[in-house]
Amino acid sequence: MNIENKIDITPHELVFKDHIRTPMYEDPRLFEEEMQKIFKKTWVWVAHESEFPDKGSFRLSQVGLEPVIVVRDRKGAIHVMVNRCRHRAATVCEVKKGKTSSFQCPYHGWGYGLDGSLRALPYPEQYGDDFDKAQHGLLKLRTESYAGMVFATFNEEAEPLVDFLGPVTKWIDLFMKQGAGYPVKVLGEHQFSVPMNWKVQLENTTDAYHFPVVHKSFLQSLDDETEEVFSFLDQGKGYVEDLGNGHSVMVMIPELVDLDENLEAPIPERFTELAQELRDEGYPDEQVRRIVRAVGGAGFNLNLFPNVSFSLAFFRVLTPVNVERTDIRHIAIGMDGGPEAANQVRLRLHEHFQGPMGFGSPDDAEVWERVQRGTKGGAELPILLNRGLVDEQPGEVGPRGHISAETGMRAAYDMWKRMMQS
């Protein structure tokens, strides 16, 4: 970023304990600086390993504004590489996902191996004897995985992924119990764009306060038993906790935090038909209960700074495009090798809320867009983050607040401020 483009307002003038200022959502110079200081400096989620399970399989992804290829080489190692030919900058892949033995630039035919190394180029003699192919491979990112979740960073000095995640690993392990003893896999996804700043969505996953207002139509679509489960704002048992490094967890349904517990609890009426189908297929009762319990999803949302969240039963990934546009992926997950009937039910539940015609995603996208439109007026007004601040208590890791507290947002902006000031 050119020095003349740097913002003339400092991070400590934008983020306060109880509010942020409007430029956070709409200053293009600030957005440019975020891409450099946050998305190029920390671990960014790029894919789930089930999306490219075989040697030679790949998928395209993003790290901030940079297009990348996530690929498994012939030895099974995972690589994340910038999708840009080292010759004249053309992308070397435009297929969203698939399987290949190599990548080739369509412009001048430079060919790259699955590990990003430059393998061949037409008429190499014209480059002279001192041209070193080893110095012209695809630009590679540092890559690490946890529980099948693949992260990458441009920052070679970044702390190890497990240290960046810290206490989050406990919650990821709990979330992955939705496999019911099978590995978790991606079942499908849908993508959409919203005219909003990326931080508007970042705030949303551990914001329970909006749920009964924005998702009133979803609650009205449920049977009485399920509606009671989702009335977590009235029950007072849940909480939001700061997990450090901008991460947070929102526990909505405490009895569904660990899906391996309470297997003797009555099977919800909406899953009785599935339970009987599994019994008819020969699954023993204990496994039936474990599968059925996992189908409904975990009882918490997990927000990982800066770009991915685990929400009840799906992954949500945000990709910044510009200061007022963000791309979203909603990824349905299921059981790899598990009963097809259970995965079908999970897909129907996903479609009911997260799908493009569901009761949840369109309503969320509407209010996200309205937040961005609203920032055009009253630029001097604060954007409040003060809910639950007065009653916040120490948690197992960091501050813990009421289920409707804005503890998660404060956690994210603490990290934002720390990174932007570095």
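**View 1. Lys37 and Glu33 sit about one helical turn apart in helix H2.** These two residues are four apart in helix H2 (residues 28-39); helices (H or I, at least four residues) and strands (E, at least two) are DSSP runs, numbered from the N terminus. The term salt bridge means a side-chain nitrogen of Lys or Arg within 4 Å of a carboxyl oxygen of Asp or Glu. Lys37 is partly exposed at 23% relative accessibility, while Glu33 is buried at 9% (buried is under 20% relative accessible area, exposed is over 50%, and partly exposed is in between, with a 1.4 Å probe and protein chains only). Please keep in mind that this is a predicted model, in which local features need pLDDT of at least 70, side-chain atom pairs count only at pLDDT 80 or more, and totals for chains, interfaces and linings use all residues. Residues are numbered from 1 along each chain as its sequence is written, and side-chain values use heavy atoms, leaving out hydrogens and water.

**View 2. Glu66 and Lys40 form a salt bridge.** Here the closest N and O atoms are 3.1 Å apart. Glu66 belongs to strand E4 (residues 66-72) and Lys40 to the loop between H2 and strand E2 (44-48), so this pair ties together parts that are 26 residues apart in sequence. Glu66 is partly exposed at 23% relative accessibility, and Lys40 is partly exposed at 24%.

**View 3. Arg29 pairs with Asp27 in a salt bridge.** Look for the closest N and O atoms, which lie 3.2 Å apart. Arg29 is partly exposed, with a relative accessible area of 31%, whereas Asp27 is buried at 13%. The whole structure holds 26 salt bridges.

**View 4. Helices H11 and H12 come together in a right-handed crossing.** In such a crossing, the near helix is turned clockwise from the far one by less than a right angle. The axes of H11 (residues 285-295) and H12 (residues 340-353) come within 10 Å and cross at roughly 20°; axes are lines fitted to C-alpha atoms, for helices over the stretch in contact, and angles run from 0 to 180 degrees between N-to-C directions. The two helices are therefore roughly parallel, a label for angles under 35 degrees. Ile291, Ala294 and Val295 in H11 meet Ala342, Val345, Arg346 and Leu349 in H12, where contact means heavy atoms within 4.5 Å.

Technical notes. Parallel < 35°, antiparallel > 145°, perpendicular 65-115°, else oblique.
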